[in-house]
Amino acid sequence: MKRGSKGTDVRHLQTELNAAVGKVDGDFGKLTEDAIRRFQKVYLPREVDGIYGPNTRRELDKVVN
């Protein structure tokens, strides 16, 4: 998922990212992209692109679960 994505999957991602995205609205906008970038800077510093791809998904699952 990336900026412009919408729907239930985005809502789930926003819930996992918690307060960093503001409100959970199902719209992958600037705040969600910024939250992904901040997460990537800590956990995937070589992959900071703001996109919720397979590597970011795997790392976020490790942190959240």
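1. Let's start with a pair of side chains: Glu33 and Arg3 form a salt bridge, and their closest N and O atoms are 2.8 Å apart. Glu33 is part of helix α2 while Arg3 belongs to the segment before α1, so the pair ties together parts that are 30 residues apart in sequence. A salt bridge here is a side-chain nitrogen of Lys or Arg within 4 Å of a carboxyl oxygen of Asp or Glu. As background, side chains of opposite charge can pair when their charged atoms come close.

2. A word on what you are looking at: this is a predicted model, in which local features need pLDDT of at least 70 and side-chain atom pairs count only at pLDDT 80 or more, while totals for chains, interfaces and linings use all residues. Residues are numbered from 1 along each chain as its sequence is written, and side-chain values use heavy atoms, with hydrogens and water left out.

3. Is Glu33 buried or exposed? Glu33 counts as buried, at 14% relative accessibility, and Arg3 is partly exposed, at 46%. The cut-offs are under 20% relative accessible area for buried, over 50% for exposed, and partly exposed in between (1.4 Å probe, protein chains only). Arg3 and Glu33 also belong to a network of salt bridges that includes Arg37.

4. The structure holds 5 salt bridges. Among them is the one between Lys6 and Asp27, whose closest N and O atoms are 3.2 Å apart. Lys6 sits in the segment before α1 and Asp27 in the loop between α1 and α2, so this pair ties together parts that are 21 residues apart in sequence. Lys6 is exposed, with a relative accessible area of 61%, and Asp27 is partly exposed at 30%.

5. Now find helix α3, residues 54-64, where the buried residues are Thr56, Glu59 and Leu60. Viewed down the axis of α3, these residues fall within an arc of 100 degrees, so they line one face of the helix. That arc is taken from the directions from the helix axis to the C-beta atoms. Helices are DSSP runs (H or I, at least four residues), numbered from the N terminus. Pro54 and Lys62 are exposed on the other side of α3.

6. What covers the buried residues of α3? The cover includes α1 (8-17) and α2 (30-43), with contact meaning heavy atoms within 4.5 Å.

7. Finally, Lys62 and Glu59 meet in a salt bridge of 3.1 Å, N to O. They are 3 residues apart in helix α3, about one helical turn. Lys62 is exposed at 54% relative accessibility, whereas Glu59 is buried at 17%.

Terms used: Helix = DSSP H or I, 4+ residues; strand = E, 2+ residues; numbered from the N terminus.
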